[in-house]
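The entries below follow the order in which I went through it.

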Amino acid sequence: MPVTDVTHDLATRTLTITAEFAAPVERIWQVYADPRQLERVFGPPTHPATFVEHDLAPGGRAHYFMTSPEGERYYGWWKVTAVEEPKRFAFDDGFAADDSFAPVEDLPVSHNVYAFEAIDGGTRATFTSTYDSAEALQKVLEMGVVEGATSATDQVDALVAG
Amino acid sequence: MDAVADNEDRVDALFHALADRTRRDILRRVLVGECSVSALAASYDMSFASVQKHVAVLERAGLLSKRHHGRERLAHGEVEALRSIASMLAELEDLWRGRIARIDDLLTHDPHAHQE
């Protein structure tokens, strides 16, 4: 499994997940720079993502929607805040009501930093997502972007050990 | 809609309660076993009133319950409430694990970047 580390920070509502891929940094960057490749990884199989606009440059925007099995569309946008090709980029990710992709003011925005560094035999990727509030985190989960069964492992110890 | 708002308020209260180190420590103790509020207070280098406030925040978040036993108030942790937060973060983690597996898959089947 390429995932090497996961950190849940309850106080800042931040999820940090680290993974190692057997491909050079430039190849990983290309997954995010090319919307056709990004679509193949961003949404779960039950809710595929479609990017209708995509500009991975500082100040650039991406517009996407995810389609539920019932055909319902969930609209979202990125605002790219920093780009350091091919090592790192940062963006805000928020919700839109419809295909105008206008941000919905009272819906939450997450702040994301994706960083890639060369390691022996490939790339170490660190994905960090921070949510402004518990509501933001919950909303993201309600959007139907979640796949798979919730981990049934007893997380209580890990949680309170923080 | 009210049910949704109530639920979101509840989740906010959960995160607020867990964002403090002392409250996490109190919770850890009361999850292990019932504990009187005065015994809890004696464990911390702070006033009884301060510890009581922390206990009250945990109680409002549904993470801790109290019952009277003679003159004592005994506190115990609510494991189910804690599980709901843990499962929320676990769900998000599952999403990420899925994405990372798909990236890995894409790299395996399509090792060379497309030139646009």
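I took two strands as paired if DSSP finds at least two bridges between them. Helices (H or I, at least four residues) and strands (E, at least two) are DSSP runs, numbered from the N terminus.

Conventions. I noted that residues are numbered from 1 along each chain as its sequence is written, and that chains are lettered from A and ligands numbered from 1 in the order in which they are written. This is a predicted model, in which local features need pLDDT of at least 70, side-chain atom pairs count only at pLDDT 80 or more, and totals for chains, interfaces and linings use all residues.

Confidence. I read pLDDT as the predictor's confidence in each residue, from 0 to 100. Chain B averages 83, and 84% of its residues score at least 70. Within chain B, helix α1 (residues 2–18) has the lowest confidence, with a mean of 72, and helix α4 (residues 48–60) the highest, at 94. Where pLDDT is low, the predicted coordinates should not be read in detail. For the complex, the predictor gives an ipTM of 0.73 and a pTM of 0.64.

Sheet of chain A. In what order do the strands of the open sheet run? I found eight strands in the order β1-β2-β8-β7-β6-β5-β4-β3, with antiparallel pairing. β1 (3–9) and β3 of chain A are the edge strands, each pairing on one side only. Neighbouring strands are turned by 20° against each other on average, direction ignored. For such angles, axes are lines fitted to C-alpha atoms, for helices over the stretch in contact, and angles run from 0 to 180 degrees between N-to-C directions.

Strand pairs. I checked β2 (residues 14–21) of chain A against β8 (residues 122–131) of chain A, and eight bridges join them in the antiparallel sense. A:Glu20 has A:Arg124 in β8(A) as its bridge partner. β3 (residues 49–54) of chain A runs antiparallel to β4 (residues 61–67) of chain A, with five bridges. There A:Thr50 stands opposite A:Phe65 in β4(A). Six residues lie between the strands of this hairpin, and A:Gly59 takes a positive phi near 80°. β4(A) also pairs antiparallel with β5 (residues 73–84) of chain A, over seven bridges. A:Ala62 has A:Trp78 in β5(A) as its bridge partner. The hairpin of β4(A) and β5(A) has five residues between the strands, and A:Gly71 in the turn has a positive phi of about 95°.

Helix on the sheet. Helix α1 (residues 25–33) of chain A lies across β2, β7 (110–119) and β8 of chain A, and runs at about 155° to β7(A). Contact here means that the C-beta atoms of two residues, placed from the backbone, lie within 7 Å.

Loops of chain A. I found a cis peptide bond from A:Glu85 to A:Pro86, with omega near 0°. A:Pro86 lies in the loop between β5 and β6 (88–96) of chain A. In the loop between β6 and β7 of chain A lies A:Phe101, which has a positive phi of about 60° although it is not a glycine.

Helix α4 of chain B. Which residues of α4(B) are buried (20 or more other C-beta atoms within 10 Å of a residue's own, with C-beta atoms placed from the backbone)? I listed B:Val51, B:His54, B:Val55 and B:Leu58. They cover an arc of only 100° around the axis, so they are on the same side of α4(B). The arc is that of the directions from the helix axis to the C-beta atoms. After α4(B) comes B:Gly62, with a positive phi near 80°.

Note on methods. Buried ≥ 20, exposed ≤ 12 C-beta atoms within 10 Å, placed from the backbone.
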